[in-house]
Amino acid sequence: MQIDILTLFPQMFQSPFSTGLFQRAIDRKLVRVDIHDIRDCTHDKHRTVDDYPYGGGAGMVLKPEPIFEAVKALESGLSPKQEERRVPIILLTPQGRLFSQQIALELSKHSHLVLICGHYEGIDERVREHLVTDEISIGDYVLSGGELAAMVVVDAVVRLLPGVLGSEASPLDDSHTTGLLEYPQYTRPQAYRDWGVPEVLLSGNHAQIAEWRRQQAISRTLERRPELLDKANLCLPEKQLVERLKQPQ
Ligand code: ADE
């Protein structure tokens, strides 16, 4: 997958993408991330990227020309075949659709993504109307710019690409992939202080372990994020379990 990120602060991306799982994915050529400085697409002495809002008001607004030009420069590097597949051009903004595991999965199917990090008070509306194909928010709060949001999106997407997680690890069990939160995990030592590990996990009985995990995922989701259960794919006995768990103990 090719990911292009347009930003006013390229230096912010140095460390997150040169660490651990990410660096490995880049080294193995499973993903390529190119960071582009929007200021490189300005043509005045001061490399101006923003201006006062028409109609007045506080703050500055990102100008359209450098952003259109930066995206155009990327598109001219695409082969016609890639262009046909329509590369998503995603603006990170608190006004976007709320990011989720489902959206991460959807984005992971593309071979190329372009992310635009907004800044200042806003971005000229013509960028939204005529350039951007998708707008994503990572939560109902306002960050000082789209950079951290872009990192969150890229991280969640890249770990879903085939081969990025080790062979035994599976993103299919992740919290939210199944519509449920993940079951509790334990590792050695078997006894730590006075605290043991649930017997069933030591039993070697894989069917029982799978059932225990599924039940734990359900009860944990009910306890912490009950609204997720409405959309989870539960069978009848599991729905009955939810009803039993809801009864006061
Ligand atoms: N830029 C500023 N706040 C944001 C948010 N919550 N999500 C995505 N981009 C943003």
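1. Helices (H or I, at least four residues) and strands (E, at least two) are DSSP runs, numbered from the N terminus. Residues are numbered from 1 along each chain as its sequence is written. The model is a predicted one, in which local features need pLDDT of at least 70 and side-chain atom pairs count only at pLDDT 80 or more, while totals for chains, interfaces and linings use all residues, and side-chain values rest on heavy atoms, without hydrogens or water.

2. Strand 5 gives the largest share of the shell around the ligand, three residues. Of the 13 residues around the ligand, those that come nearest are Thr93, Ile138, Gly139, Tyr141 and Leu143, where a residue counts as near if one of its heavy atoms lies within 4 Å of the molecule.

3. The protein covers 96% of the 260 Å² of accessible area (Shrake-Rupley method, 1.4 Å probe) that the ligand has on its own.

4. Turning to helix 6, residues 147-158, nine of its twelve residues are buried, that is, under 20% relative accessible area with a 1.4 Å probe and protein chains only. The buried residues of helix 6, among them Met151, Val154 and Val158, pack against several elements, including strand 1 (2-7), helix 1 (20-27) and strand 5 (89-98), with contact meaning heavy atoms within 4.5 Å.

Definitions and conventions
Buried means under 20% relative accessible area, exposed over 50%, partly exposed in between (1.4 Å probe, protein chains only).
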